[in-house]
Amino acid sequence: MSKKDIIICRCEDVTLEEIHQLLERGYTNIEELKRLLRVGMGPCQGTTCMQLIQREVSKFLNIPIEEVKTQKVRPLTMGVKLNAIKEGACDES
Amino acid sequence: MILNRDLVIIGAGPSGLCAAKMAAEAGQKVLLIDRNPQLGGQLIKQTHMFFGSEKQYAKTRGFDIAKKLIDDVKKYPDLVEIWDNSTVVGLYSDKVLTVLTGETYRKVQAKAIIVATGASEKVLAFENNDLPGIYGAGAVQTLMNVYGVKPGEKIVMVGSGNIGLIVSYQLMQAGVKVLAVIEAAKVIGGYKVHASKLRRLGVDIITSCTIKKAIGKDKVEKIVTVRLNEKWEEIPGTEKEYEVDAVCIAVGLSPLTNLLAMIGCELKYVGELGGLVPVLSKDYETTIEGVYACGDASGIEEASSAMVEGYITGLAAAKKLGKVHPQYDELMVDLRKQLDILRSGPFGEKIRKGLAKLEGVKEVC
């Protein structure tokens with residue numbers, strides 16, 4: 001199995017190999033993985049990859065998947081142009 | 001400018017449409033928001049007839065059910081306002097929503113919110129899983145059944161749940177050759193009647209088998225499958241190659257709860273319901289007052305259950321805002337009974353187990 005050819009986060013092009021390398025260095029928290037690899041920070045905001053990452057962490061730590069905490073979800077759910085936000089705020093007083 | 005709306009429903013699939021209809025019937029004004037140009041959610045891609053009971057339109061094709069549900073809400077033009085092509089991009093704890101329609105960004109202050117966002121597809125981690133030609137079942141249905149485009153000529157289906165089986169059959173109907181349906185579990189996941197239809201057409205359904213890798217230069221050209229033992233480990237020497245130009249992944253759905261997570265609703269991981277699901281009262285209210293969730297967003301089930309949950313949630317949310325449906329009590333009793341029936345029997349077992357894990361916070365049958 002070639003772990004570098006298995007894509008976990010397709011938005012940010014993060015491979016299974018990269019996830020495993022960080023897990024082995026002790027980064028077993030999804031928030032840490034997110035900050036270091038940008039997993040879950042692309043256009044789909046983790047909708048696609050989060051369960052795959054949860055499963056890898058669960059296997060690595062040998063704990064049930066239910067106990068693997070997922071990322072903090074923040075607005076926005078998708079890319080919005082700054083101009084659109086600016087225009088939307090213009091007539092707000 | 002912040003627009004004021006009483007009840008905002010996010011998502012106009014089966015559950016959101018039913019919630020809108022019931023709320024309007026109770027006299028409640030509704031803003032229904034959907035990100036797609038066409039309302040109806042996944043129903044518009046379903047060319048097959050549904051099972052279940054008459055009340056949830058059994059024996060009717062999915063896209064016809066969508067038409068009926070859309071007609072239902074359009075009967076209330078003064079009460080139901082529809083924003084299509086609009087995505088809710090933010091949800092804030094003071095019940096303000098931010099909505100993007102094309103390039104227009106709007107803010108809405110709601111009094112109550114129903115999140116009926118549905119689900120997203122699960123994916124698989126295998127070698128070269130990013131090659132073009134590897135689709136989720138939803139994308140295959142969109143291409144084929146909405147736009148009339150064949151996704152490929154020779155395909156292997158990964159997953160034998162109802163979606164995998166039904167989409168395989170639809171692929172065959174469209175003239176695509178389905179070389180095999182593979183299933184990692186020991187048994188076929190979906191209804192036997194769907195599996196039998198495929199077998200009669202000569203399609204192999206291979207259990208205890210998974211996809212090991214995809215091979216190809218610019219797009220998928222071949223895949224390798226492998227058999228699995230009792231412990232879900234690959235059995236060396238059982239690899240098999242298929243020449244394909246497309247692969248369809250149908251390995252389940254997970255609730256789309258990102259908006260609920262954003263405003264801090266309590267979520268719990270329940271594998272049987274597809275992943276993280278909101279903790280709900282029996283009226284489908286989340287742990288944040290006035291914020292509701294129903295349909296697949298509250299746990300993966302069938303479209304029929306999503307409709308019934310939508311009706312219940314629409315009634316409950318309207319009541320919260322002071323609009324009590326004239327038949328509120330009778331309807332609630334009947335709808336809850338319908339849900340019990342839909343979740344009874346062997347195929348409802350997983351759902352019942354999942355709901356029990358939510359420890360009675362969501363009504364358990």
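A nonpolar core is taken here as a set of buried Ala, Val, Leu, Ile, Met, Phe, Trp, Tyr and Cys residues joined through side-chain atoms within 4.5 Å. In the predicted model, the largest such core holds 69 residues, and the members that touch the most others are Ile10(B), Leu69(B) and Leu97(B). The most is given to this core by helix H7 of chain B (residues 303-320), which supplies nine residues. In soluble globular proteins, nonpolar side chains tend to be buried together.

With neighbours within four places in sequence set aside, the contacts of Ile10(B) include Ile33(B), Val88(B), Leu91(B) and Leu97(B). Ile113(B), Ile114(B), Val115(B), Ala116(B) and Thr117(B) are also among them, as is Leu259(B).

Strand S4 of chain B spans residues 86-91, and six of its six residues are buried, so the strand is largely enclosed by the rest of the structure. S4(B) runs antiparallel to strand S5 (residues 96-101) of chain B, to which five bridges join it. Within this pair, Ser86(B) lies opposite Thr101(B) of S5(B). The two strands form a hairpin with four residues between them, and in the turn Lys95(B) has a positive phi of about 65 degrees.

An open, antiparallel sheet of three strands is also found in chain B, in the order S12-S13-S14. Strands S12 (209-215) and S14 (240-243) of chain B each have a single partner strand and stand at the edges, so one side of each lacks a neighbour in the sheet. On average, neighbouring strands are turned by 30 degrees against each other, direction ignored. Strand S13 (residues 222-227) of chain B is joined to S14(B) by four bridges, and Ile223(B) has Tyr242(B) in S14(B) as its bridge partner.

How values were computed: Residues are numbered from 1 along each chain as its sequence is written. Chains are lettered from A and ligands numbered from 1 in the order in which they are written. This is a predicted model: local features need pLDDT of at least 70, side-chain atom pairs count only at pLDDT 80 or more; totals for chains, interfaces and linings use all residues. Side-chain values use heavy atoms; hydrogens and water are left out. Buried means under 20% relative accessible area, exposed over 50%, partly exposed in between (1.4 Å probe, protein chains only). Contact means heavy atoms within 4.5 Å. Two strands pair if DSSP finds at least two bridges between them. Axes are lines fitted to C-alpha atoms, for helices over the stretch in contact, and angles run from 0 to 180 degrees between N-to-C directions.
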